[in-house]
Every structure is written in C-alpha cells, then in structure tokens.
Amino acid sequence: MAGGGNKAKGGKSSSTAAKVANKKRKAPQSNQGNVHQKRAKAADKAAPVKKKFSAAKKAKKAAAAPKVEEDEDVEIDDEDVEFFESHGQFSSFLSTMDRNAIRYRQYHAGSYSSSVDSISSKSTKKTALNKPVKPKTLEQIEAAPRAAPAEAKSSIIDISTKLPVKSFDGALQPNKLMQEIVEEVHEEEVEGDDDDEDSDDEGSDVGSGDENDLSDLEVEEVPDDIQRPSTTSSQAEPAAISPDELRAMQARRLHSKKEELALLCESILESPEEAVKKTKDHPDQLSKFQQLHAMCEDTDVTLVKLAMLSELSVLLDVLPDYRIRLGSDGDSSGPQKKKVKEMKDFETNLLNQYQKYLKYLSATATAKLSTLNPNQSSRTQTQHLDFGVAETAVKCLAELLKVKYAFNFHLNLINAMVPFADSPFPTIQRPACDAFEVVFKVDKSGLAPLEIVKDMANYVKKRHHRVSERMIKTLLVMPLDTTMEAGEIARRVAKSSRKKRRRQQKDGDGIATGLKEAEAVVDKSERDKTQGDILHELVLIYFRVLKNSTYSPAMPAVLEGLTKFAYLINLEIMIDLMKVLKALLKEDILPLAAALQAILTGIKTLQGPGQELKVDEKDFVDHLYRLLLRFAQGENVACFNTALHCVEAVFIKRKEIVVDRVAAFIKRLLVVSMYLYPHQMLAVSALIRSLFHRYSKLHQLLENDQDRVASGIYRELSFLGKHYHPVVASFSTGTANLEPSLPNEHPKAMLERYDTVTSGEFVPRVSIPKANPLHAKMLKQKKAKPVFVSQSYAAPSPFLEACLALDEPRDHDVNCFFVSVE
C-alpha cells in the first residue's frame, strides 16, 4: 500500500513536470521527433504491443509495471533544440540505445540508486521464462550500426540529380536501380504509416489506464492545419520529363555506353582466350564477346552502329589467317594435352561468336531493307534510322569479305552479299560490288571468285535475268587468261592428281599430302581448272541475259564482258554468239550504247579466235554507219568513245579493200562532229588524220575539183577551222593540210586531255588579255575625267563614222570621238 501511494504521488509529480516542460519549450515538429517518441515508448514497454487487450488486463499490467522517477525540473535551451533539428541525421543512434543497460551501469557507479528496483523488476519480468540477458557494454553499444534517419526515408529521391550506378560487369544503370529504391522507400512509408496508426490506437488505449507510459520528452500535438504527407505518394504518376532533359539523359547514357564499349574491346584484345569464357561478375554470366554482341541489340541506333563496327574491328584482329578445322568426335576421343584442349575450346567458341555475328548482320540488313521502297521520294525518321543500320551492316559484311574470303563460313558470307550487289540503293550496292572486285583481284587461287560467280549465276536465273548493270560490271575485273580448252585439260589433270593423293592417304603416306597442302605456291593445274570453271559460269551468265532478257538494263555490261573474254571461248560458243548479236541488231530494239557495244563485240570476236569462221564483217559495218547518224540527233553523246573504238577496229587494225567505204565513214564522222563537244571533235580529227595516213587514196577528198565538191570534206574542215576553241581550229587546219600526227595525238589521248565536261573548266585556259594603253593614264588621274582619243591611238570603224555623220550637221567635220571613263 505504501508503494501504491508513492506511485500515485510519483505520477502526479511526473505529470506536473511534463506540463512545466511543455510550457518552457516545444519539441521539433518533424518525422524524426515522432520516430524518437515512438522508439522511446517501445524501449519503455520492452516490446511493441500488437494486440488490443481488455481494460482489466491493461490495468493489471500497468499496476505491476514499476515506475521510473523522472526529474521534475527539466529545462532544454532553444539552442539545443535548434542543434538537434539541424543535425537530426546524426542523433538517430539515441533512439537505438539500450536504456536499461545504461541505467544498470549508472546504478553500479552510484548515480541512480533509486532506479535499481525498477530495473530489476523489468529484467526479471523480461527474463522470467528465459535466461538472464547480459547487459551490453558501452563499446558494444557504440559499435552497433546506426539506423537511417526517418527524414532520409520519408524524403522523395530525385533520380535526375543522382549519378548512375555501375554494376558488377561495368554496365551503368542510371534509372532502373534508383527506381527500385524509390519504390521500396514508398512501400516502407506506407507500411510504417499503417503501423503508426495501429500503435497510436494501442498507445491511446494503454495511456488511458496509466499516464506513466508517456515518453520522457513529451511533444505537443500537431495542429490540424499542417497536413501530413500522403500515404499514396508511391502511386502518384511520375513528373513529366521535358524534351531537353530527355535528350540530356540520352546523351549521358550514350556517353557511358561508349566508355563501356571501349573497355570491353580493350579487355577482349588483351586476352581473347579469357574473353570467350563466361564471366562470373556478370549477372547473367555472359562472356565479354556476348556482352559486346548484346549491345548490337540495343534500342539506341547510334549505339547499335558503334557496337557493330567495334565487334567487326575486334574480330578482324582476333580471327586467325588460317582456316579453323574442328576435329570430329573420333579425333577428340583420345587423350589430349591441356593446352591443345584449351586451344580447341577457344577456336570453337570463337567460331560460334563469328557465326552469330554473321547471322545478325545478314538478318538485320535484310529485315531493314525489306521495309523500304526505293521509289519513295521521302522517308520517315524511322525509315532513315533503319536504312542507316542496314547500311552499316552491309559495310561490315563487305569488310569481312575483303579480308576473310578464305576463312570459315565464307560461303555463307558470299551468299549473303550477292543480293546486296543488286540492291536499288547505291550506298548498299557500292560496298558489295567493291568487295567482290577486291576478292577477284586478291585471291590468286580463284576459289572464292568461283563461288561468287556461281552464286551470281543462280541469282541471275532466280531474278529472270533482269539484274543491275553495276553487278555485271564487277565481273570485268576478273583476271582470266585460260581458255576453255586449257581449262578442260587442267580439269582432267587435277582429277588424276586428286585420285593419286587419295591413294597415298589410303596407303598411309600422309607426308606427301601434307607437304602439298603446306606449299605457298598455287598449283598451276588447279588454278587453270578453277579459271576454266569461272569462264564457263561467266559465259553462262552472259548468254542467259542475251537470249532470255532482251530488255535487261545489264545488256551493255554483258556485251562489254563478251568483248573482253571473247578470245577465250571456243568456236561453238562463238557461232551462237554471232547469231544472237546479228538478231539483236536486226531487230533494232537496243539503245545506242548497247547497240554499239554489240557491234564492237562482234568485230573483236571475228578478228580474234573467230577468224577461222570466215565470216564477213559487212553486217556489223553497215549497222555502225547507220548508228553514227544518231549522235547528230542528240542521243547519248557519252557513248561516242565506243563508236570511235568500232571505227578503229574496222579500218585501223585491219586493211579495208573498198576505199569508198572508208571515205563514206570519214564524211559521216565530220558531219557528226559538228554536234559534239570540243574534246570529241579533236578525237574525230585525230582519227581522220590516221585514216588519211593509212589510205593514201583518200587525199583526193581534200582537192577542190568541181567533180569532188559534193563528196569532198573541205567544207566541214573549213567550218572547224573557224571554231571558237583554239585547239580545235588549229588541229582541223592541220588535218586539212595533211600534217603528221604525234604519238600523243591519238583519239583516246585527245578525249582525256581536253575534256571540258568532267572538270567544267575550259581547256586550255584562256590567257589574260594585254592591258589597254589607256590603263596607265587612267591610274594617274585621281578623278574620272573624259578622255579624248585621237585617231592615232584607235581609229573609229566605218560604221561608227557613218552613225556619227547622221547625227551631226554635214558642214561639221568630226576629227575625234568622245569616250567617257568612269
């Protein structure tokens, strides 16, 4: 009973002390103060109350709980309150301190002797069922981790001001991780608010039974006009990002990805063997090659292009020059050394990565180009981006083909590049055709060119023989010097040698076979056999276009190719070729360039190996004479060089018996030259000079006899002698005078030297005229004054004198005329 009285008195004194303290100072109104108050309550109660008890149990528990004496006169200065408000994040450890342990140590020190009963009663009540808990020392309390302040948890994190976070593999994640942190913080706020509401309800119920459950620092109630933060902040929509901020974020992300890309490439080149292995630091355990390839599938188009080019550069440096041969299961069944096994694993993984890269490039370029229309005048932004990605992919394939034309998967690479060589887009077609031309020149064995020509033949057949001219022109670079007959002989020799090598391998003599394969020199029989196969495929392509596709745009390139390789084909093919060419010229359906090329093909074929056919060239000469007049009608003057080659092949490289035919061609050439450019006029004059020197009977065309006026050429040459171009005028005059031709004055040289169409400049340049004699006199005068020029300096023309005589009276003589100089 005495204890109860004391407790009652203690309760009154504590309530009065709390009221006095509230009047003297006010605790900060912040989330941190609420957190401190709640944690202090939890420390006094020793365990948070989760369930609501009945009023009787609460009263019984409150009566059994010991009371702690509190200081009646507690005063806190305003400076201390301000200090704790400004440094709340550093005082969070006070809420986690074990108050019982501190009081226990103070009791042994003799400071708080009155609190022994309360501490012992609480400790015995806590550990009534368990073992007694050893109080923590001061060092353990200081070493305990500090909880984050409530302000840091409740504050909203602004992602735009945070730096990006780098993961284990070096990848920067600027938004994803921070967004997860924000969501977790909002979830904790929602759960904490719910727990606070429950604890507040429980605290109000418990506090009604006894006032001793209040904290040492009582806080005033928050006014109603101050609203608490909404618990649904996590469900609020994020703030809209302006276009400038979005571009800045994209630029920062691209910059970080570039750095990551550079680091990956450097690490791969430092140790290619380790780059193909799985990386434990990566979340998905991807190898460095796989991480590099994963960037090719990013959403940023610029990063995709950079990743494709970076992977191309790395593969060109890492891939070996030799062809990797993967051993079969039977070869790898025996025991192997550790280094050999590691090398085989490295080569296998490297080939898998290379194959994956080729498939990605081919699929990307094909998919992006399939959505584009070549006849479309304008494109959308998405189409521009897709075309840029496709263009980069095709360039990567072309670079791989130029260097790795003999490496693994070269057949797949060639098969992917052939359709791009016939693309309607010039920027897609040009890299593919240039890559084919490089392979044709570099590969001495001819194996890669043979595969390219075979794929082209299949593609031409699939496209119904209608392909682009640029694709067929790439075949002109092929260095062929083996005829079809020599190719057949080499094929039989190569077949017998292959049988011999197989027989040696069966007998167990693998040394000779190994030495043969290790030779750096290409076998002549194998090379002739390969060139014979290439020539067969070329002729097959050309004849398919000629016979099955008359209106193909590739017709000029086909005829040019037949002109170049006609001396290598056999007589049976020549007979068929002559029939096809004559039929095309007779129908008169070819354009001017293709028709001239057909005539040149037929003439060179008959002058080469076709001499044994004993076929007259009259048909081709007649068509040539008729086609020359089309230049005077303004039709495709650019192919005039081909017409000059035809005339040279007919009359210069062989002797013409009928001189009247040569005279007719000279007359037609001079008539046509009146409608051509100056450099083409010079080429015609040079060709006519050569004809005059070869056929002396043509000199009569330059005579002025009355019977030669109608058929003579002095009229055209006289017109050309007064041409505005000084070289044309002088050269035409020299031709009329039968002057000799210099070695550098042949038609081709004249076309190239005085070409004004390509450069846009007048050749030769016009010389600066001499200074007027009055110019020096004008410079001496400061002001412009009228200058009288006497007849001694410049005599007036008769026309001017007649005009002045009409204006002036007749009795007045005009001795000079007036000139105004400004």
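**Figure 1. Helix H18 spans 23 Å in this predicted model**. H18 counts 16 residues, and the distance from its first C-alpha to its last is close to the 22 Å expected at 1.5 Å a residue. The buried residues of H18 are Ala448, Pro449, Leu450, Ile452, Val453, Met456, Ala457, Tyr459 and Val460. They pack against four helices: H16, H17 (426–442), H19 (469–473) and H22 (524–548). An α-helix has 3.6 residues a turn, so residues three or four places apart point the same way. After H18 comes His464, with a positive phi near 60 degrees.

**Figure 2. Val453 sits in helix H18**. The helix covers residues 447–462. Val453 has a relative accessible area of 0%, so it is buried. Leaving out residues up to four places away in sequence, Val453 touches Leu475, Met478, Ile534, Glu537, Leu538 and Ile541. His536 is 83 residues from Val453 in sequence. In space, the C-alpha atoms of Val453 and His536 are 9.8 Å apart.

**Figure 3. Met308 belongs to the largest nonpolar core**. This core has 155 residues. Met308 and Leu698 are the residues with the most contacts inside it. Residues up to four places away in sequence are again left out of the contact list for Met308. Met308 touches Cys296, Tyr357, Tyr360, Leu361, Val389, Thr392, Ala393 and Cys396.

**Figure 4. Tyr354 and Phe409 form a tilted aromatic pair**. The whole structure holds seven aromatic pairs. In this one, the ring centres are 6.2 Å apart and the planes meet at 45 degrees, so the pair counts as tilted. Tyr354 is buried, because its relative accessibility is 0%. Phe409 is partly exposed, with a relative accessible area of 23%.

**Figure 5. Phe631 and Phe640 form an edge-to-face pair**. A pair of aromatic rings is described by the distance of the centres and the angle of the planes. For Phe631 and Phe640, the centres are 5.1 Å apart and the planes stand at 90 degrees. Phe631 is buried, at a relative accessible area of 1%. Phe640 is also buried, at 1% relative accessibility.

**Figure 6. Ring pairs join Tyr354, Phe407 and Phe409 into a cluster**. A charged side chain accompanies one of these rings: Lys404 lies over the face of Phe407. Its distance from the ring centre is 5.9 Å.

**Figure 7. Arg689 lies over the face of Phe731**. The distance from Arg689 to the ring centre is 3.9 Å.

**Figure 8. Ser267 makes a side-chain contact with the backbone of Leu264**. Ser267 is in helix H10 (residues 243–270). A polar atom of the Ser267 side chain lies 2.7 Å from the backbone oxygen of Leu264. The relative accessible area of Ser267 is 15%, so the residue counts as buried.

Methods
Residues are numbered from 1 along each chain as its sequence is written. This is a predicted model: local features need pLDDT of at least 70, side-chain atom pairs count only at pLDDT 80 or more; totals for chains, interfaces and linings use all residues. Side-chain values use heavy atoms; hydrogens and water are left out. A nonpolar core is a set of buried Ala, Val, Leu, Ile, Met, Phe, Trp, Tyr and Cys residues joined through side-chain atoms within 4.5 Å. Buried means under 20% relative accessible area, exposed over 50%, partly exposed in between (1.4 Å probe, protein chains only). Contact means heavy atoms within 4.5 Å. Rings of Phe, Tyr and Trp (its six-membered ring) pair if their centres lie within 6.5 Å; planes under 30 degrees apart count as stacked, over 60 as edge-to-face and the rest as tilted. A charge sits over a ring if NZ of Lys or CZ of Arg is within 6 Å of the ring centre and within 35 degrees of the ring normal. Helices (H or I, at least four residues) and strands (E, at least two) are DSSP runs, numbered from the N terminus. A polar contact is a pair of N or O atoms within 3.5 Å; within protein, one must be able to donate a hydrogen and the other to accept it, and residues adjacent in sequence count only if both atoms are side-chain atoms. The expected span of a helix is 1.5 Å times one less than its number of residues.
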